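Thanks for asking me to look at this one. My notes follow as numbered points, to be read beside the model.

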Amino acid sequence: VVQRALASMRDNREFAGLSASAEARSVGDLLYGVNMTRAYTLAAQARGFQGVLSVGRVQTPILGLVVRRDRDFEAHTKSYYYTVSGQFSFAGLTFPARYQIGEGDPVDEQRRLIDRNFATAVAGAVQGQPARIASAKTTAKEAAPPLPYNLLKLQTDAARKFGYKPNQVKDITQALREKHRLITYNRSDSEYLSDEQHADAPGVLAAVAATVPMLAAIAQRADPAIKSRAFNSQKVSAHHAIIPTEATADFAALTEPLADWPDGELLARAYVAQFWPANQYDQTEIEIEVAGHAFAARGKVVTKPGWTVLYKNDVGNEDIAEDEDTLAADLRSIASGMAGQCLSASADQQETKPKPLYTMATLLTDLTRVAKYVRDERLRKRRIEKDKGKAGEHGGIGTPATRDSIIATLFDRGFLIEKGKNIVSSPQARGF
């Protein structure tokens with residue numbers, strides 16, 4: 001790796017902008033943080049508050065996200081909407097389909113039916129009626145494995161799966177990198193690898209097989225000749241994704257908490273997955289006409305599981321989560337023009353729910369896309385443009401290397417508290 005870097009050195013003038021940007025952030029932290037902290041603290045003390053109200057360029061917007069989410073959650077007023085679904089039979093095959101909103105239907109801003117009588121009338125009109133397949137199309141598709149980890153994505157998964165705090169993940173990966181030499185630079189914001197790193201695959205896969213017992217079999221079955229989308233030098237910036245190195249160790253002998261870090265597999269599994277075949281499946285899209293109304297169904301049949309066998313027990317992983325509207329059913333035999341019947345139909349009442357309180361995983365994820373909360377269109381666009389070309393960042397705030405320490409600071413200062421698995425704001429934070 002070092003030899004490759006030395007062979008492709010670039011003029012430092014190309015990176016002058018990075019230096020200027022770092023200096024600007026430092027000056028901004030000083031001018032904004034120090035002065036605003038003094039102003040708010042003195043104003044609060046004039047009202048009898050004892051202590052310091054710390055303001056930070058990144059810290060305070062993060063706190064604002066949590067406070068707003070808490071307030072919205074508590075202020076939510078439930079309302080109702082309706083879904084209409086039918087059970088259909090075609091050529092001996094029975095499957096459900098969902099009503100498709102039509103022109104003039106009584107809907108809310110999210111195009112959900114809000115009139116109970118209308119929904120009930122649709123269900124009554126189609127039940128027991130003859131139906132026809134208006135269109136049916138089956139497409140062969142494939143899905144690539146999830147990209148390797150950057151620090152934020154690793155912290156998010158570790159929080160979701162194991163309840164790890166972001167600073168714990170950073171500390172553990174720091175030890176794995178510096179003390180044991182088992183992983184590459186751990187504070188990276190990239191999910192990609194350089195094209196040149198593909199040549200290292202046999203050595204890294206062998207090291208994974210030797211070091212992580214629970215992944216030995218899948219690492220040995222991996223094909224180092226496969227080159228996934230992760231290998232793309234154009235998408236590697238200052239650092240590449242966090243991956244295992246060619247170093248080996250006795251995994252069971254690693255000191256706590258490294259021995260169970262997280263299950264000892266997240267980083268290694270993501271790397272190994274790059275050398276397994278794509279997940280292949282057939283997706284069938286069906287549109288049904290019945291009594292003047294339209295219904296639709298989508299079915300999926302896996303033809304080759306590929307890399308998904310590595311993630312089969314990974315509940316809740318957004319990279320592999322199934323669309324709830326997709327049926328695990330084989331609809332490939334359904335063809336346009338087929339005649340059938342709507343066996344039954346129902347109109348079901350659904351209750352609107354507020355956005356859930358933050359967990360560590362969802363807060364970390366939201367920090368990569370805070371632009372969606374910015375009301376000023378000009379500033380929103382600038383924040384998105386800032387992250388152009390950065391995989392996993394869509395107008396975020398903070399960096400993977402700093403977010404964990406900032407969140408830890410908010411806890412230390414009593415602004416954030418844990419409530420079960422949720423992160424909520426303290427009364428002091430709301431008053432602030």
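1. The protein's secondary structure amounts to 13 helices and 10 strands; helices (H or I, at least four residues) and strands (E, at least two) are DSSP runs, numbered from the N terminus. This is a predicted model, in which local features need pLDDT of at least 70 and side-chain atom pairs count only at pLDDT 80 or more, while totals for chains, interfaces and linings use all residues. Residues are numbered from 1 along each chain as its sequence is written, and side-chain values use heavy atoms, with hydrogens and water left out.

2. On overall dimensions, the C-alpha trace spans about 70 × 65 × 45 Å along its principal axes. Of the 432 residues, 39% count as buried. Here buried means under 20% relative accessible area, exposed means over 50%, and partly exposed lies in between (1.4 Å probe, protein chains only).

3. V2 belongs to helix α1 (residues 2-7) and counts as exposed, at 59% relative accessibility.

4. Next, the charged pairs: the structure holds 21 salt bridges, each a side-chain nitrogen of Lys or Arg within 4 Å of a carboxyl oxygen of Asp or Glu. One of them joins the side chains of R10 and E14, at 3.0 Å from N to O. R10 is exposed, with a relative accessible area of 55%, whereas E14 is partly exposed at 48%.

5. A salt bridge I would point out pairs E418 with K165, at 3.2 Å from N to O. E418 lies in strand β9 (residues 416-419) and K165 in the loop between α5 (151-162) and α6 (166-178), so the pair ties together parts that are 253 residues apart in sequence. Both partners are partly exposed: E418 has a relative accessible area of 48% and K165 has 30%.

6. Is D366 buried or exposed? D366 counts as buried, at 6% relative accessibility. The side chain of D366 meets that of K372 in a salt bridge (3.2 Å, N to O). Through salt bridges that share partners, R69, D366 and K372 are joined into one network.

7. For helix packing, please check α7 (residues 201-211) against α9 (residues 266-273): the two pack at an angle of about 140°, with axes 11 Å apart. Axes are lines fitted to C-alpha atoms, for helices over the stretch in contact, and angles run from 0 to 180 degrees between N-to-C directions. That makes α7 oblique to α9, because angles under 35 degrees count as roughly parallel, over 145 as roughly antiparallel, 65 to 115 as roughly perpendicular and the rest as oblique. The crossing of α7 and α9 is left-handed, that is, the near helix is turned anticlockwise from the far one by less than a right angle.

8. Finally, two backbone angles deserve a glance. Most residues other than glycine have a negative phi. R111, in the loop between β2 (93-99) and α4 (116-126), has a positive phi near 55°. R181, in the loop between α6 and α7, has a positive phi of about 60°. R181 is also exposed, with a relative accessible area of 52%.
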